[in-house]
Amino acid sequence: MNESSRRMRSHSPRRAVVWTAILAIAALAVVAAGGAYGADFGFPALTMRTDADGQQTYTVNIQILLLMTALTLLPGALMIMTSFTRIVIVLAILRQAMGLNQTPSNQVLIGLALFLTMFVMAPVFEKLYDDAIEPYLNEEATQKQALTRAGKPMREFMMAQTRSADLNLFVSLKGDNKIAEYDQVPFSVLIPAFITSELKTAFQIGFLLFIPFLIIDLVVASVLMAMGMMMLSPMMISLPFKIMLFVLVDGWTLTIGTLASSFLV
């Protein structure tokens, strides 16, 4: 038994090598057959057509593949190329300032930020549809022309919200001396500059929202300390006053209105 098991162990690596070689030969045969008979049955997903004007367009299968790939990147584009980042950060800071860790919940805040983003970005999306998507669907523009037209309204929106200092920073980091005007700034430079400006603006608005609630916390803590109630949590006492103040001044309307108007140029 020991000798037979040793023989089986000694032959097992050889068998693995043999099977690997067989699979490699079979794969090469399939590739060769595909190359030889590609003209007969073809691979339509890998073909490309040249139009009369010299522009190259891909087949429908490649277009669908590119569309599905773009849809996977849509959530990231929504967060970094729209007003979503500023809105959701300000709402999160507001909840933290009020001392409400889980109310409103994350789902409510994200839903509110999403629909407020759709409201703010509605003019941009309408212009994008009219200039790029509708002509492409009506076969009045090619893919390249549609993408170029779609980038123009997004560029105008991001440029209006981007600070010159942030934009110049990333232009200098890229080291591209050919950029003479802001219209020539590529999206690889504009997007990080836009995100940096959005973060700065969001924290500025959040700081202003934090001050009234901080004053209430300081007043309540001073009163409790003067009364000798050091064991009583100031957060528990100040929370009803902060909620009452926020409701009396119609805080949600003021906050959402301030966020929406902050994107107006």
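**Notes on the helix packing and a few residues**

1. Let me start with Asp250: this residue is partly exposed, because its relative accessible area is 42%. On this scale, buried is under 20% relative accessible area, exposed is over 50%, and partly exposed is in between, using a 1.4 Å probe and protein chains only. Asp250 sits in the loop between α10 and α11. Its phi is near 55°, a positive value in a residue other than glycine, and I'd have a look at that spot in the model.

2. A word on the ground rules. The model is predicted, so local features need pLDDT of at least 70 and side-chain atom pairs count only at pLDDT 80 or more, while totals for chains, interfaces and linings use all residues. Residues are numbered from 1 along each chain as its sequence is written, and side-chain values use heavy atoms, with hydrogens and water left out.

3. Overall layout: the chain has eleven helices and two strands. These are DSSP runs numbered from the N terminus, with helices being H or I of at least four residues and strands E of at least two. From the N terminus on, the order is α-α-β-β-α-α-α-α-α-α-α-α-α. Of the 265 residues, 28% count as buried. Taking contacts (heavy atoms within 4.5 Å) between residues at least 6 apart in sequence, 66% join residues at least 24 apart.

4. Now the helix pairs. Two packed helices are described by the angle between their axes and the distance between the axes. Here the axes are lines fitted to C-alpha atoms, for helices over the stretch in contact, and the angles run from 0 to 180 degrees between N-to-C directions. Angles under 35 degrees count as roughly parallel, over 145 as roughly antiparallel, 65 to 115 as roughly perpendicular, and the rest as oblique.

5. Helix α5 (residues 84–98) packs on helix α9 (residues 187–226) at about 25°, with the axes 9 Å apart. That angle makes α5 roughly parallel to α9. The crossing of the two is right-handed; a crossing is right-handed if the near helix is turned clockwise from the far one by less than a right angle, and left-handed if anticlockwise. On the α5 side, the contact residues include Arg86, Ile89, Val90, Ile93 and Leu94, and on the α9 side they include Glu198, Leu199, Phe203, Leu209 and Phe213. By class, the contact of α5 with α9 divides into 14 nonpolar, four polar and two charged residues. For that count, Ala, Val, Leu, Ile, Met, Phe, Trp, Tyr, Cys and Pro are nonpolar, Asp, Glu, Lys and Arg are charged, and the others, Gly among them, are polar.

6. Helix α9 has another packing entry, with helix α8 (residues 164–174): the angle is about 140° and the axes are 8 Å apart. The pair α8 and α9 is therefore oblique, and α8 passes α9 in a right-handed crossing. From α8 the contact uses Asp166, Leu167, Phe170, Val171 and Lys174, and from α9 Ser188, Val189, Leu190, Pro192, Ala193, Thr196 and Ser197. The contact of α8 with α9 has seven nonpolar, three polar and two charged residues.

7. Helix α6 (residues 106–137) meets helix α11 (residues 251–261) at about 45°, with the axes 10 Å apart. So these two are oblique to each other, and their crossing is right-handed. Leu112, Leu116, Phe119 and Val120 in α6 meet Trp252, Ile256, Leu259 and Ala260 in α11.

8. Beyond neighbours within four places in sequence, Thr255 is in contact with Val90, Leu91, Leu94, Leu209 and Phe246. Val90 and Leu94 of α5 and Leu209 of α9 are also among the residues listed for the contact of α5 with α9.

9. Ser238 lies in helix α10 (residues 234–248) and counts as buried, because its relative accessibility is 0%. The Ser238 side chain makes a polar contact with the side chain of Asp217 at 2.8 Å. A polar contact is a pair of N or O atoms within 3.5 Å; within protein, one must be able to donate a hydrogen and the other to accept it, and residues adjacent in sequence count only if both atoms are side-chain atoms. Leaving aside neighbours within four places, Ser238 is in contact with Ile216, Asp217 and Val220.

10. Last, a proline worth a glance: Pro123 lies in helix α6. Pro123 counts as exposed because its relative accessibility is 53%. The C-alpha atoms of Pro123 and Pro153 are separated by 9.3 Å, with the two residues 30 apart along the chain.
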